[in-house]
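Reader: I have a model open on my screen and would enjoy talking through its ligand site with you. Could we take it step by step?

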Amino acid sequence: MRLDKYEKELQIAQLAVQRASILTKRVFHEKAKGTVDKNDKSPVTIGDFGAQALIIAALQHNFPDDAIVAEEESAKLKEDANLRATIWDLVKDTKLDDAAAEELLGGPIKDVDAMVELIDKGNSPGGSQGRIWAIDPIDGTKGFLRGGQYAVCLALMVDGDVKVGALGCPNLPIDNDARLTAGIGENQTDEGHGVLFSAVQGHGATSRPLATVNLDVEAGTPISMRAIDDLTKANFCESVEAGHSSHGDQAAISQKLGITAQSVRMDSQAKYGSIARGAGDIYLRLPVSATYQEKIWDHAAGDLIVRESGGQVTDIHGKRLDFSIGRTLAGNKGVVAAPLAVHGKVLEVVQEVLSAKL
Ligand SMILES: Nc1ncnc2c1ncn2[C@@H]1O[C@H](COP(=O)(O)O)[C@@H](OP(=O)(O)O)[C@H]1O
Ligand SMILES: [Mg+2]
Ligand SMILES: [Mg+2]
Ligand SMILES: [Mg+2]
């Protein structure tokens, strides 16, 4: 992708996601070895806070005036000295294997107090004005614990519009032609896995192996959604967690579309990346609750990456996702993502199935 704008933003976003992914992988493997508490919640907490601190440090170093909307806040850390120390232990020596790249991100965080302070820099209310970064340090926390899919997510919005997106997916196969996959499993190795997706508005989307060194910002492999005219041959993906989207409604829609393949369940925005590179075709996220508001950090990067790959992303009413309202997608309900040419047809069936609820 040749860039006239947002080159520096993309470079920093990709490097920041790479560095944070090094930390999340360390946490996962150290959990497996038993050196990080096996207690269900703590590895996620450690990974979430650590990755968020590292990403915010990189953004603050490069774009000190930009606002940041990040998922986590440090209250829990402030009252738990042990947790703070465990996280600092990992954060302080997580770096890229390239001094110049590490320098670009501002180098290591000074000390544990600076780390806690950085985490809280992600407390912007969001909105429709100016430059705002959205961070999900680990999306798919449930997947992360199982060795399933998860994603380190970062996007830049300008005046409410997503301009740059980067998604690190450590457990997706590097191979763009690999089938949809649920993850690497609890005890497998990372061999052959780890993808970095990115996109800049108007410039397409790319994938590349998730690495630990510097990168040429224009050198990713362009990706595109699969051209599909026969929807019965489509592959669709959905959340693993039934509490996050309605498996029942999604099955009914899939059946109505005549889709014969079994849905692939995977956690996180790895779903957006997977359909963007044609490993799947459709991503449905139909609401289970009337009141839940989707969070902007769960969708910003993926929305841009899919649309820059030839896809369309709307909610169940056919409205584009609106990132300009605040920390949540308060103006939207659910997500329907599909190749542009068939999105209208998919949406029609979504609305038929949901008609009782709309
Ligand atoms: N009731 C609900 N409906 C939809 N999404 C929900 C939800 N409760 C939690 N989530 C979000 O679902 C995300 C995971 O999505 P998926 O199911 O596609 O893996 C979570 O991100 P985190 O894992 O970052 O907390 C969380 O923000
Ligand atoms: Mg999330
Ligand atoms: Mg998260
Ligand atoms: Mg969460």
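This is a predicted model: local features need pLDDT of at least 70, side-chain atom pairs count only at pLDDT 80 or more; totals for chains, interfaces and linings use all residues.

Reader: How much of ligand 1 does the protein bury?

Author: Ligand 1 on its own exposes 580 Å². Of that area, the protein buries 85%.

Reader: Thanks! What is the distance from an oxygen atom of ligand 1 to the polar side-chain atom of histidine 244?

Author: Side chains take part as well. Arginine 285 places a side-chain N or O atom 2.8 Å from a ligand 1 oxygen. For the polar side-chain atom of histidine 244, the distance to an oxygen of the ligand is 2.7 Å.

Reader: How many residues of the shell around ligand 1 are charged?

Author: The shell includes 2 nonpolar and 6 polar residues. Among the nearest of the 16 residues around the ligand are Lys271 and Asp298. The charged residues of the shell number 8.

Reader: Why does ligand 1 lie between two domains?

Author: Ligand 1 sits in the largest pocket. Strand S2 (residues 131-139) gives the largest share of its shell, 3 residues. Ligand 1 lies between the domains because its shell draws residues from both domain 1 (7-223) and domain 2 (231-356).

Notes
Residues are numbered from 1 along each chain as its sequence is written. Chains are lettered from A and ligands numbered from 1 in the order in which they are written. Side-chain values use heavy atoms; hydrogens and water are left out. A residue is near a molecule or strand if one of its heavy atoms lies within 4 Å of it. A polar contact is a pair of N or O atoms within 3.5 Å; within protein, one must be able to donate a hydrogen and the other to accept it, and residues adjacent in sequence count only if both atoms are side-chain atoms. Accessible areas come from the Shrake-Rupley method with a 1.4 Å probe; for residues, only the protein chains shown count as cover. On a 1 Å grid over the protein atoms alone, a cavity is a set of points where a 1.4 Å probe fits but cannot get out, and a pocket is an open set with protein on both sides within 12 Å along at least five of seven lines; lining residues have an atom within 4 Å of a point. A molecule sits in a cavity or pocket if more than half of its atoms lie within 2 Å of its grid points. Helices (H or I, at least four residues) and strands (E, at least two) are DSSP runs, numbered from the N terminus. Ala, Val, Leu, Ile, Met, Phe, Trp, Tyr, Cys and Pro count as nonpolar, Asp, Glu, Lys and Arg as charged, and the others, Gly among them, as polar. Domain bounds come from an automatic or database domain assignment.
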